[in-house]
Amino acid sequence: MDSGEIYSLSDSHVMQTYRRYPLALVRGRGMKVWDADGREYLDFLAGIAVCNLGHCHPLVTHAIAEQAKTLMHVSNLYYIEPQAQLAAMLTEKSFAERVFFCNSGAEANEAAIKLVRRYARELRGIEAAEIITMHHSFHGRTMATLSATGQEKIQTGYQPLLAGFRYVPFGDPGEVAKAVNEKTCAVMVEPIQGEGGINVPGPDYLRELRCICDDHNLLLILDEVQCGMGRTGRLFAHQHAGIVPDVMTLAKALGAGFPIGAMLASNDAAKVFGPGSHATTFGGNPLACSAAIAALNAIDTEDVLGNCNKMGTYLRQRLDNLKDKHKCICDIRSSGLMVGVELDVAVAEVIQWSQEKAILMGPAGEKTLRLTPPLIVAQADIDRLIEVLDEVLP
C-alpha cells in the first residue's frame, strides 16, 4: 500500500484516539525510518524514547527471531527461562531484588501503586493509602495511573478519579514534606518528567525526597518508564543522584522496540505480593524477555551509554548556540539524550515543517519540542537536525 491508501484504511477503521501526523512509516534501520512512499527520515523521537538502540538492532531482531522459532508464549503458571534470566540481569544492575513483568509503563505503574498500598495496609492499616505525586507528571492512562498523573488534560472526561492521590509542585521537596500526613503511604515521581515537558529537577531533589520518605516511613516509587534504560547517560536516571528507591518502574526502551514493562522492588517491599495478589497474562513472556536480554547485552557491549553522554553534550552545545540566534527558543532542558526545547511559537508547526525536511520530532506538553533520538545517534545526524531547526525556526 502507498501512504494515501494506509491513511484511508486507518481513518476508516481505527478508533480515533490519536492525532496522527500524515506519515505512514513502514521500515526502520538505526537512526533512519522510511515511509510507504520510500522517503527517508532521521528519527529524533525514536518511538518516544522506545528505540534507544535505533530501529531493528541486529542483536534484538536475532533474539526475537530465534525465540519465535522456539517458544513464544506460556502461562506464568510455569517457570520461564528468559524471564528468570532477565530478572537476574535487572536485579544485578539495580537496587532491586525482585521483578514483576508486565506489558507497558502504565501496567508497571499500576503494579507499583498496588504494591505500596498493600505494603502500607499491612504495616500501618487501611487508612494509609495516599500517594503523593507531582504536578505535570505522567504515569499512564489506566484509571489508577491517570488518577496518579498530575495533568488535568489527561483526566478530563474520566471523573470520578480514584481516590488517594495528592498532587504537589514538581522539583520542590518542601512541598512534598508539607503534604505528608498520617494517610500518606508513598511518594511517586519521575526523576525527569517526560510528557510534562522534559522537566529536569535540581541535583538534590531526589536525595531530599529519599530523606522525607525515610523520616516518615514512606516508600519511594521512581517512574523511570521514559528516562530509564540509559536515556540520561546512566542505566537508570536516579543513579545520577546516588540514591536507592524502594520501587522503580521501567518500560519503553526495556525491550528496544518490543513491548515489555517491569516493576522492580526491594525484598522488603516485594514481600507483600504473594501468589494471587497481582498477575498478568502476557507479562514476561519468552519473546519479550528475550528482546530485553538482547537489548541489555547491547547496552553493555557497544558503549551505548558512552555515546549517549558524548552526543548528549554535543547536542546541548549546538542547541545552546541555536538559542543565541533564535529568540523563539525560551529554554532548553536536558539530561543525556532526553532533551526539551521550549518555544514561544507553535510547536506543532515546527514539528510539521521539520517533518517536511525529513526530521522527526515530537511534542512534550504544549510548548516544548521533545528530542529523544536513539542513543546511537551520530554527530552528523545532530548536525543535520540543527541545520533543519535553523531553517524552520523564526
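**Strand 15 and its sheet**

Guide: Strand 14 and strand 15 form a hairpin with 4 residues between them, and glycine 365 in the turn has a positive phi of about 80 degrees. The model is a predicted one, in which local features need pLDDT of at least 70, side-chain atom pairs count only at pLDDT 80 or more, and totals for chains, interfaces and linings use all residues. Residues are numbered from 1 along each chain as its sequence is written, and side-chain values use heavy atoms, with hydrogens and water left out.

Visitor: What makes strand 14 and strand 15 a pair?

Guide: Strands (E, at least two residues) and helices (H or I, at least four) are DSSP runs, numbered from the N terminus. Two strands pair if DSSP finds at least two bridges between them. Strand 14 and strand 15 have 2 bridges, in the antiparallel sense, and therefore count as paired. Glycine 362 has arginine 370 in strand 15 as its bridge partner.

Visitor: Which residues of strand 12 and strand 15 are paired, and over how many bridges?

Guide: Strand 12 (residues 338-343) and strand 15 (residues 368-371) pair over 4 bridges, in the antiparallel sense. Arginine 370 is the bridge partner of glycine 340, and leucine 369 that of valine 341.

Visitor: Why are strand 11 and strand 14 called edge strands?

Guide: The open sheet has 4 strands in the order 11-12-15-14. Strand 11 (329-335) and strand 14 (362-363) each pair on one side only.

Visitor: How do you know that both faces of strand 15 are covered?

Guide: Thr368 and Arg370 on one side, and Leu369 and Leu371 on the other, are all buried, that is, under 20% relative accessible area (1.4 Å probe, protein chains only), where exposed is over 50% and partly exposed lies in between.
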